[in-house]
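Hello,

Here is the structure I said I would pass on. My notes on it follow below.

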Amino acid sequence: MAHVLVTGGGGFIGSNLAEALLKRGDAVRVLDNFSTGRKENLAFPELGETLTSRLEILQGDMADREICRKAVQDIDYVLHQAAIPSVPRSVAQPIESNDANINGTLNLLVEARDAGVKRMVFASSSSVYGNTPTLPKVETITPNPLSPYAVQKLTAEHYFRIFYELYGLETVCLRYFNVFGPRQDPTSEYSAVIPKFIKALLTNTRPTIFGDGEQSRDFTHVDNVVYGNLLALEAPKAAGKAMNLACGGRLTLNELLAILKKIIGSDIEPIYADPRPGDVRHSHADISLSEELLEYEMQVSTEEGLARTVDYFKEVFAR
Ligand code: UD1
């Protein structure tokens, strides 16, 4: 049984990771300040008492070194998901997002190094590529961040790499591409597009498309991200590396909406609004590096993931 710290474990991706780790019998500590995460995300009744008794919740902020020190005590592996997400939020609040996404990350790295953590895996982002012309995006491209959020993720990646090179703390950076699935929040102005579209269609409200809808994304169901993280905990060739984690395809927003309308049986038309500042035009991953270093392969296709996610939200909205 491994002892794993999941930072941001109350959030969408973090809670899916915590659940998968508990399911395989690990002891999980969650560190979260519950600013965007939710305690309800950490109730896993279907796992049963024995497995869930191995979950410990530590409420606190990574700005606090003492909390970080406590969080990494007796921990083998860290999955670092805690962040203030959202590109537009970082454009509106560059200092707050920098404090959380860089300073908090550095606090945790220092404490993990000093506590002798075996490996730390970081939730990086496809946003680091910006509008580099090459498609699909491959890790050899020079990144070109377009938003504070992307700058922060890239800066943190550099910290992870040098902590491996300077101090021997094993680190792996996974560049997530537009992750979606159960427990993603559909209610904030900064929510991601898929839960927002699903909520709009299920409540018969017109969804908003920013721009012409021809921008594209490699929409990745969260089960793929969970799978990649579990591999990254131990994959021997991955230490010190940054790699894409995605499906390796892409859909335009117009295509995405058409698929969701078909699944839901809606004929509602979108409203087209101005494009968002800092928005990337096309995002599509080359996943050969994670296939090679992690032996990763896609577990759930985008279309299958969308159908499952609609089912999930139907249930949520029926409650
Ligand atoms: C970006 C990153 C992603 C990261 C995420 C964190 C890229 C390519 N992706 O996602 O890796 O995890 O930030 O927050 O940089 N949109 C609409 N209508 C809406 C909402 C969004 O048209 O109601 C559009 C956006 O303008 C954008 C696309 O949908 O073109 C996706 O937006 P969103 O879901 O917010 O994610 P990204 O900003 O692409």
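Arg 183 is buried, at a relative accessible area of 18%; buried means under 20%, exposed over 50%, and partly exposed in between, with a 1.4 Å probe and protein chains only. The model is a predicted one, in which local features need pLDDT of at least 70 and side-chain atom pairs count only at pLDDT 80 or more, while totals for chains, interfaces and linings use all residues. Residues are numbered from 1 along each chain as its sequence is written, and side-chain values use heavy atoms, with hydrogens and water left out.

Arg 183 sits in the loop between strand 7 (179-180) and helix 7. Helices (H or I, at least four residues) and strands (E, at least two) are DSSP runs, numbered from the N terminus. The side chain of Arg 183 makes polar contacts with the side chains of Glu 19, at 2.8 Å, and Ser 15, at 3.2 Å. A polar contact is a pair of N or O atoms within 3.5 Å; within protein, one must be able to donate a hydrogen and the other to accept it, and residues adjacent in sequence count only if both atoms are side-chain atoms. Not counting residues up to four places away in sequence, Arg 183 touches Phe 12, Ser 15, Asn 16, Glu 19, Asn 41, Phe 44 and Tyr 312, where contact means heavy atoms within 4.5 Å.

Gln 184 is in the loop between strand 7 and helix 7 and is buried, with a relative accessible area of 9%. A polar atom of the Gln 184 side chain lies 3.1 Å from the backbone oxygen of Val 179. Leaving out residues up to four places away in sequence, Gln 184 touches Phe 12, Val 179, Ala 192, Pro 195 and Phe 313.

**The ligand**

There are 22 residues around the ligand, and Ser 126, Val 193, Thr 208, Arg 217 and Asp 279 come nearest; a residue counts as near if one of its heavy atoms lies within 4 Å. By class, the shell has ten nonpolar, eight polar and four charged residues. Here Ala, Val, Leu, Ile, Met, Phe, Trp, Tyr, Cys and Pro count as nonpolar, Asp, Glu, Lys and Arg as charged, and the others, Gly among them, as polar.

An N or O atom in the side chain of Ser 126 is 2.8 Å from an oxygen atom of the ligand. Polar side-chain atoms of Ser 125 and Gln 215 each lie 3.0 Å from a ligand oxygen atom. On its own the ligand has 740 Å² of accessible area, and the protein covers 91% of that (Shrake-Rupley method, 1.4 Å probe; for residues, only the protein chains shown count as cover). Helix 7 (193-202) and strand 8 (208-210) are the elements that give two or more residues to the shell.

In helix 7 the buried residues are Ile 194, Pro 195, Phe 197, Ile 198, Ala 200 and Leu 201. Their cover includes strand 7, strand 8, helix 9 (253-264) and helix 11 (302-318). Asn 204 follows helix 7 and has a positive phi, near 60 degrees.

Helix 5 (residues 94-115) has 22 residues and should span 32 Å at 1.5 Å a residue; its end C-alpha atoms are 31 Å apart, which agrees. The expected span is 1.5 Å times one less than the number of residues. Among the buried residues of helix 5 are Asn 101, Asn 107 and Glu 111. Gly 116, which follows helix 5, has a positive phi near 75 degrees.

Ala 232 lies in helix 8 (residues 222-232) and counts as buried, at 0% relative accessibility. Ala 232 and Leu 294 are 62 residues apart along the chain, with their C-alpha atoms separated by 6.2 Å. Beyond neighbours within four places in sequence, Ala 232 is in contact with Arg 119, Val 121, Val 172, Leu 174 and Leu 294.

**Backbone points in loops**

The peptide bond from Leu 135 to Pro 136 is cis, with omega near -10 degrees. Pro 136 is in the loop between strand 5 (119-125) and helix 6 (148-167).

Phe 34 is a residue other than glycine with a positive phi, near 55 degrees; it is buried, with a relative accessible area of 14%. Glu 295 also has a positive phi, near 60 degrees, but is exposed, with a relative accessible area of 60%.

Regards
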